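Here's my quick note on the model you asked about. Have it open on your screen while you read.

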Amino acid sequence: MKKEKYNVAIVGATGAVGEQMREVLEERLFPVDELRLLASERSAGKYLNFQSKQIRVDVLDENSFENIDIALFSAGGSVSDKFASIAARAGGVVVDNTARFRMEPDVPLVVPEVNAKAITEYKKRGIIANPNCSTIQMVVALKPIHDAARIKRVVVSTYQSTSGAGRKAMEELGRQTAAILNMREVEKDKFPHQIAFNCIPHIDVFLPGGYTKEEKKMIDETKKILADDSIKVTATCVRVPVFCGHSESVNIETEKKLSAKDVKAILREAPGILLVDAPEENVYPMPLDATGTDATMVGRIREDESIPNGINMWIVADNLRKGAALNAVQIAEILIRDYI
Ligand code: A2P
C-alpha cells in the first residue's frame, strides 16, 4: 500500500544546499512524516526550523538511516561514498547531489524535465544521482532544442557563483569584499586566489589535458543525461564574485537550421524554462533575478552568424535550487508518485 507520508533524511543539512533542501520540501508541501537532519559533529546540538518546528541536527553515522524512505545527500563526495550504500541497504532511496556516482552506468543521472524515465533505474542500487549544477540548467534548455533540431556541438562558458562551493565559500566572498573596502588584509581559504573583485578560471581540480574536473563533468554528464554520446561538448568553467546564481554563455550548432525566433518559440513552451529575452528593454537573465526562483531563465537568444546552423544564448538559474535542492526534491516527488 502506498504511504501517505515519508521519512526523509537530509545529509549535509547545515550546508548551503541542505538548507535549500529543507526549504524546498516545505514550500512544495512534500509529504514528510519525519525529517531527519544529519551533519558532522561540528553541528551537534544545533536546531533548524521545518514546518514551524525546531528539529535537532544529529551526527551522521551508520545507524542514521533506520526507517528512512528517501535520503537526500549533499555533504561531499567522501560522505556519499561511505554512507549512500548504507542508506540504500537500510531500505531508503538515495538522491545524491555529489559527483560520486554520477557516471556509474547502473546509477541514473536525472533532470526531471529531461529524462524523468531514467529514474526507474534506481532499483539497481537504490541510488539516483543529481547532476552538476551547471549541467542541470544547461540541459533543461538544450533538451527541447535537441529534440527539434539535433544538437551536434555545444560550446559553453560558465560564470559560477561562490555558493556552488558551499556556505563557507559564500562567506569568504563577503569577508574579502568587506576587507578590501576597509583596506584590510584579504584572507584566502576556499579558493586558490582572492575571489572578491576577481574571476577564477579554475573550478575543482585540473586533469591531464588541461581541463578542470568541473568542465569534464559538464561534458560527460550532458551526454549521459541526453542519452546521446554523439553530441560534442566543450566547456570553460569560471568562478565569479557572485553569491548565488550560475550564468552560462552557450553556443550550439544544430543539424537542422533553427532561427532565433524558432528557438524562442521552442523554449517558451519548454518545461522548467522561463524566457527572459527583451534586450530592447534591457531584459535578460541575471543571477540576482534568478536567486530564490525555480525557473531556468534563458535570454540573449540570437543566431551565430559565423556558422550556418548556430545559436547563442545566455542561461541563468539558482544553482542551489534548480542546480541542486529543487532538482533533488523534484526527483523525490516522482519517486513517491510512481515508485515508492
Ligand atoms: P557541518 O556543518 O556539520 O560541517 P557546504 O557545502 O555548504 O559546505 O555544506 C556541507 C555540509 O556537509 C554541511 O552540512 C556539513 O556539516 C556536512 N558535512 C561535511 N562533512 C561531513 C561529515 N564528515 N559527516 C557529516 N556531514 C558532513
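The points below go through the ligand site and then one of the sheets.

1. Before anything else, keep in mind that this is a predicted model.

2. Let's start at the ligand. There are 15 residues around the ligand, and Thr14, Ser40, Arg42, Ser43 and Arg167 come nearest. Sorted by type, the shell has six nonpolar residues, seven polar ones and two charged ones.

3. Now look at the stretch that begins with Thr14. The side chain of Thr14 has an N or O atom 2.5 Å from an oxygen atom of the ligand. Gly15 and Ala16 use their backbones instead: a backbone N or O atom sits 3.0 Å from a ligand oxygen in the case of Gly15, and 2.9 Å from one in the case of Ala16. On its own, the ligand has 570 Å² of accessible area, and the protein covers 71% of that.

4. Six strands make up an open, mixed sheet, and their order is 9-8-10-13-12-11. Strand 9 (232–239) and strand 11 (273–275) are the edges; each has a single partner strand, so one side of each has no neighbour in the sheet. Going from one strand to the next, the twist averages 25 degrees.

5. Zoom in on one pair. Strand 8 (residues 151–160) runs parallel to strand 9, with eight bridges between them. To find your place, look for Val154, which stands opposite Val233 in strand 9.

6. Finally, what packs on this sheet? Helix 7 (residues 260–269) does, touching strand 11, strand 12 (296–303) and strand 13 (310–317). The directions of helix 7 and strand 12 make an angle of about 165 degrees.

Definitions and conventions
Residues are numbered from 1 along each chain as its sequence is written. This is a predicted model: local features need pLDDT of at least 70, side-chain atom pairs count only at pLDDT 80 or more; totals for chains, interfaces and linings use all residues. Side-chain values use heavy atoms; hydrogens and water are left out. A residue is near a molecule or strand if one of its heavy atoms lies within 4 Å of it. A polar contact is a pair of N or O atoms within 3.5 Å; within protein, one must be able to donate a hydrogen and the other to accept it, and residues adjacent in sequence count only if both atoms are side-chain atoms. Accessible areas come from the Shrake-Rupley method with a 1.4 Å probe; for residues, only the protein chains shown count as cover. Ala, Val, Leu, Ile, Met, Phe, Trp, Tyr, Cys and Pro count as nonpolar, Asp, Glu, Lys and Arg as charged, and the others, Gly among them, as polar. Two strands pair if DSSP finds at least two bridges between them. Helices (H or I, at least four residues) and strands (E, at least two) are DSSP runs, numbered from the N terminus. Axes are lines fitted to C-alpha atoms, for helices over the stretch in contact, and angles run from 0 to 180 degrees between N-to-C directions. Contact means heavy atoms within 4.5 Å.
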